[in-house]
Amino acid sequence: MDTSIYDMPHETDVAWCPGCGNFSILKIVKQALTELDIKPEKLVMASGIGQAAKTPHYLKTNVFNGLHGRAVAAAMAVKAANPELTVIVESGDGCSFGEGGNHFIHNILRNPNITHLAHDNMVYGLTKGQASPTSQFGFITPVQVQGVTNEPFNPLALAIALDAAFVARVSIADQEKSFEVIKQAISFKGYSFVDILQPCVSFNKINTWKWFRENVYYLEESYDPKNRTEAFKRATEKGKLPLGVFYKNEKPTFEDYLPVYKTNKDPLFKREANLPQLQKLIDSMRQ
Amino acid sequence: MKEVSIVLCGEAGQGIATVEQLVTGMLKLSGYHVYSTSEFMSRIRGGTNSTLIRISDEKSKSAFIDRIDILFPLSSKALKHLEHRISPETIIIGEEGNIAEEYCPNRANIIKVDFTKIANEIGGKIYTNIVSVGIFLALFGVEENISKSYLTKRFSSKGDTILQNNIKACQRGSEIGNQMLEDGKLKIDLQKDDSVKNYLTLNGSQAIAMGSIAAGLNFISSYPMSPSTGVLVFLSQKAEDFGIIIDQAEDEIAAVNKGIGAWYAGARAMITTSGGGFALMTEGLSLSGILETPMVFHIAQRPGPGTGLPTRTGQEDLQFVLNGGHGEFARAIFAPGNAEEAFFLTQHAFNLADKYQVPVFILSDQFLVDSHYSLPDLDLTNIKNTKYIEKTDENYKRYLLTENGISPRGIPGYGSGLVNVDSDEHDEEGHITEDVHDLRPKMVDKRLYKKLKLLKEDFVKPELIGPTDYSILLIGWGSTYSAVKEALELSTRKDVAFLHFKQVYPLSEDTIDYLKKAKKVVVVENNATAQFGKVITLEYNIKPDQFLKYNGMPFSVEEVKEFIEKI
């Protein structure tokens, strides 16, 4: 597959460690975009801060690289202001679930038509190895010296509990199957969330490439992603982590409800102030 | 009397706002200049609130005054609440139980009316307020056809019985009012002015919201916070008519990031909040600084710190707004003095933000947003909006280094170029850089010095009121405008002038000439630390004297006048 329209110039200095899972994620996102025929100029990649959040810089498209944790908020507004754009948020577990937890919750409820790809390596990489919200119980770090005592954050169970539109988990150790799910997520209408398990080769010596191969299994072909109770059950399973599309619940999006697009489909940048209507409003205030 | 000051005082939930609305509406339609402002507690029921209504036969009486000519106490605690403002001349109209005589310095001026009994005769306690409305109408000679059609418009949707009872209550009140006039208990001698009938009435929140509409606002995301919420509510009511996306954000952090995202995609966006909400937005403010994304903030100030006094007024956040946000970048701050300035400055703010790709603030306060003004017009003939958006090509660079510091602003999806914005220090294309020798200083100069220079060139000049050969210069900003102006007009001093700033940052260099002319410069501010005085000291190296008030109430005309006489 020729994904070169998304390639940055060869001399681009990539800030990731050799062997990082981010390289594979970048590769399959490019493949998915190519196969879905999304033009770089009609796509916005939004991200926050962290190693994962640098991904948009290594993919030739429109980039909104904002604040730590706030990418989903900005992305939702970009989509609302111009629904003709494809909008993808790509950021890490700290950005998506720690700093950005409230936005994650409320955008599940709001259901904008954007895709959220969360790179989940269960550790903070860019700040050198502290626990992330998804770090496993007992995980030892320079800060959590006795091991993590928090329950790990379960984004899938939360999303399903809030009746999210699209909830999936993949492991980048299996690029082929991850590609299929990410492609589905991008083409899905609504807030499509994918938790992407990936190793951090520098700071997570527990959840390694090998660990992610041995501790996962795929949802069976007979699995029904419309069954919310079953989805919740699978999302909260102890032991091996299921992979695949857990839950699909297509419903009207945030943009569908916006009165501004009911009769006029123009994105906001094409619109002007309505001064004649304002004059009417002013005159109505003379009564 | 050239002007009458009436105060209604009672509990939250007693319907004072309804009386205010009915009375000001009908008096305006009868040809009087009206202005009203409220001070109220942060609660939905109970407590003690008061509303001041000023009725005059000449313009610009839109300031808070202590004097009360006629007082309607609606609860037993009302007179105690207003003790310091009641004078022997104050006429008190109320029912027995609400008149605590120890707070009445002149018993001859008490007029007892059995409002509850009359209301019950008509149909229930709910009509009490309409009886007092009727008294108002009689005192000011409002014609019956005006009151009838106004009440019909207001109450017809509630069914005929309720409407007829309201009309009856109003008539009973009018009879009582006419009797007062006949008995010579009070006398009001104001001229009606036909041209006023066509004035529009609006509050400060509406003026700011309509200014944003005039600028083509089409996206607002905010989290409710007193006293800023009025803007969000008004825009929500008008959203469908004007094509505005309304988003009640999960928190203020989301709100500002959404505003910035919307501008990035080509919308014209604003947030509305107060100091505490803005505190959560400061990282976002800083983001708009480095992204060079335009952004408009409306901050309605209230006294802090912390939760402070949620429903009261103050000018405590100028230094916060001026210095908020980490790092260094340019910004502009406007501070409207009344509804008209609020409208035009808000409209201007969007175009300025767009032109220079900077955050721009409308800094109002509770007193301004909750005051009801009447004015001849909001003239749209000179309203001009320019969108500074360019269609991109393949070679587009979002942060192209240019002579004046402004890079053409592309937006995603408009043209064949790519628009990269980055919170990290970046190169011209918007990608991360750590080139500290060349690019970093260039980008700082672009965002800070070059833009500040341009903003100063577009400075909105202050307004000088009073003699040009002054030796004493009072300086104010924002909502202190009306009180200082009126106080100066009433004062006997001929050597005092008032300079009202509508743009409080950045200041233009030549404005110092106003200050140099004066032997003495005094800042008048609703805060404890002379925050604008500090800006003056910083920009002009002049240390002004201070006249400050920081109890949560606006300046009254009387106290400013007293101050002027004593300087």
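## Helix packing in chain B

B:Ser205, B:Gln206, B:Ile208, B:Ala209 and B:Ile213 of H7(B) touch B:Gly230, B:Val231, B:Phe234, B:Leu235, B:Lys238 and B:Phe242 of H8(B). Contact here means that the C-beta atoms of two residues, placed from the backbone, lie within 7 Å. Helices (H or I, at least four residues) and strands (E, at least two) are DSSP runs, numbered from the N terminus. Sorted by class, the contact of H7(B) with H8(B) holds seven nonpolar, three polar and one charged residues. Nonpolar covers Ala, Val, Leu, Ile, Met, Phe, Trp, Tyr, Cys and Pro; charged covers Asp, Glu, Lys and Arg; the others, Gly among them, are polar.

The two helices, H7(B) and H8(B), pack at about 40 degrees with axes 9 Å apart, which makes H7(B) oblique to H8(B). Axes are lines fitted to C-alpha atoms, for helices over the stretch in contact, and angles run from 0 to 180 degrees between N-to-C directions. Angles under 35 degrees count as roughly parallel, over 145 as roughly antiparallel, 65 to 115 as roughly perpendicular, and the rest as oblique. H7(B) passes H8(B) in a right-handed crossing, a term for a near helix turned clockwise from the far one by less than a right angle, anticlockwise being left-handed.

## Model and confidence

This is a predicted model, in which local features need pLDDT of at least 70 and side-chain atom pairs count only at pLDDT 80 or more, while totals for chains, interfaces and linings use all residues. Residues are numbered from 1 along each chain as its sequence is written, and chains are lettered from A and ligands numbered from 1 in the order in which they are written. The average pLDDT (the predictor's confidence in each residue, from 0 to 100) of chain B is 96, and 100% of its residues score at least 70. For the complex, the predictor gives an ipTM of 0.98 and a pTM of 0.97.

## Interface of chains A and B

Chain B contributes 56 residues to the contact and chain A contributes 46 residues. On the side of chain B that touches chain A, H9(B) has the largest share, eight residues. That side of chain B divides into 30 nonpolar, 17 polar and nine charged residues.

Strand E2 (residues 62-65) of chain A pairs with E15(B) in the parallel sense over three bridges. Two strands pair if DSSP finds at least two bridges between them. Within E15(B), B:Val421 stands opposite A:Phe64.

## Sheet of chain B

An open sheet of seven strands in chain B has the order E9-E8-E10-E11-E13-E12-E19, with mixed pairing. Its edge strands, E9 (245-248) and E19 (503-505), each pair on one side only. Strand E12 (residues 332-334) of chain B meets E19(B) in the antiparallel sense over two bridges, with B:Gln503 as the bridge partner of B:Phe334.

Helix H12 (residues 339-356) of chain B lies across E11, E12 and E13 of chain B, at about 165 degrees to E13(B).

## Helix pair in chain A

Helix H2 (residues 71-81) and helix H4 (residues 101-110) of chain A have axes that come within 9 Å and cross at roughly 30 degrees, so H2(A) is roughly parallel to H4(A).

## Backbone details

The bond between B:Ser226 and B:Pro227 is a cis peptide bond with omega of about 0 degrees; B:Pro227 sits in the loop between E8 and H8 of chain B. A:Asp163, not a glycine, has a positive phi of about 60 degrees.
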